[in-house]
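Open the model in your viewer and keep the selection panel at hand. The stops below go from one selection to the next.

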Amino acid sequence: MRAKFSSDQKRTIATLSVAIAIRMLGIFLVLPVFTLYGEQFTSSKPLIGLAFGAYGLANALLQIPFGWLSDRFGRKPLLLIGLTLHSVGSILAAVPPNIFALIAARLIQGTGAVSSVAFAMVADSVDKENRATAMAFLGISIGLSFVGGILAGPMIASLSGYASLFWLSGLLSLLASIYLAVTVKEPPREQRTADVSGDRPSVASVFKIPNIIKLGVCGFLMSFFMSSFFFYFPLLARRHLPLQSYYLLLGPMVLAAAVVMFGASRAADRGWAKSMGVMAFVVLAISGWLLFRGADLGLQAHPLVVLTIAGVFFFAGYTSLEPILPSLITKASPKTVYGTALGAFSSLQFLGSFAGGAAAGLLGALGTEFVLAALLVAATLGVILMAQVKTA
């Protein structure tokens, strides 16, 4: 960061990264075991898939309103509101009497739709040429929380039960809101309010920008893939490993992903964003095939090896796209509506999370080959759309 960012920019990026990482840790603690948690309330895969994806549905509906409101009233207030809502939903998800109450709790949890606001705050503070790298540092902190969450989540659940993860998630969101309230400064408002005379582009105008639509759909496909992949990953892993030993499987994946993500963001800053995005979707397609058809490689006697390779490919593809897509969104968007544009992107991204979880549950009831087909279609569409994105 020394050559790229001023002291104020470093402070903003670092402070926001820590706060968001605390909140994201609570989410990632649950991710690798949620399907197993859902099985405590029902044997219906479609209902578990709905509970899995309900968080994404609520986020999808509220990302644009949160981004739009943050363009007008500031990033910090919306971040605090979102973190509080997420905390309430997490606590309710820890004590559901049935699967329908769990679905409702996940919807409330998802109303804390702050992703677009967080990325917009970074965009407010950093010049366009270095934005992918700045967002990568935000992504790295999220990635570290991802590592900690998916490694610690199964171990904590094995010791104190699945519900404890939701209690911890609620507590972490409250801590993040307190940290934000004390340490994060609102970016200069003149960057977003100079056009109050009526020159500000409307929400509808954001959806008329072809690159934003294409990148938003890519975000949808990326999250669709992630939810479907992680719906089945714990179901396959538990055949070979006890819950408290999941870290042996997940560790190599996330460590490789951290390296790949930073490399991809640096390549994007050098003008290779489109190529990296296309490659990432190709890698995701390979990971999906390995997850469900890895035995075709003749490694039936080593199923954990196949699962590990599938996971490494998945994380490499997913974490490459995570910083690149929002960076391209801000480059395609008018400066005065970063929050709205990123809200549109995040809405489609979380809608993909909902669709992926729901589709995994519904298609899985028919057979895993249908889930694999959906993953391959999603990755193929991602390749096609990324290839059409204009980066000049």
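How many nonpolar, polar and charged residues are in the lining of the largest pocket? By class, the lining has 25 nonpolar, ten polar and three charged residues; Ala, Val, Leu, Ile, Met, Phe, Trp, Tyr, Cys and Pro count as nonpolar, Asp, Glu, Lys and Arg as charged, and the others, Gly among them, as polar.

**Before selecting.** This is a predicted model, where local features need pLDDT of at least 70, side-chain atom pairs count only at pLDDT 80 or more, and totals for chains, interfaces and linings use all residues. Residues are numbered from 1 along each chain as its sequence is written, and side-chain values use heavy atoms, with hydrogens and water left out.

**Whole chain.** Show the protein chain as a cartoon: 15 helices and zero strands (DSSP runs numbered from the N terminus, H or I of at least four residues for helices, E of at least two for strands). Of its 392 residues, 59% are buried (under 20% relative accessible area with a 1.4 Å probe, protein chains only; exposed is over 50%, partly exposed in between). Colour by pLDDT, the predictor's confidence in each residue from 0 to 100. The chain averages 82, and 89% of the residues score at least 70. Select residues 190–198, where pLDDT stays under 50.

**Pocket.** Select Met24, Phe28, Met226, Tyr318 and Glu322, which lie nearest the centre of the largest pocket among its 38 lining residues. A pocket here is an open set of points on a 1 Å grid over the protein atoms alone, where a 1.4 Å probe fits, with protein on both sides within 12 Å along at least five of seven lines; lining residues have an atom within 4 Å of a point. Now select helix 7, which gives the largest share of the lining, seven residues.

**Core.** Next, select Leu79, Phe230, Phe233, Phe314 and Phe315, which touch the most other members of the 122-residue largest nonpolar core (buried Ala, Val, Leu, Ile, Met, Phe, Trp, Tyr and Cys residues joined through side-chain atoms within 4.5 Å). Helix 12 (residues 247–293) supplies the largest share of this core, 17 residues. Centre on Phe315: leaving aside residues up to four places away in sequence, its contacts (heavy atoms within 4.5 Å) include Phe146, Ile150, Phe230 and Met253.

**Last stop.** Go to Val282, in helix 12. Is Val282 buried or partly exposed? Val282 is partly exposed, with a relative accessible area of 40%.
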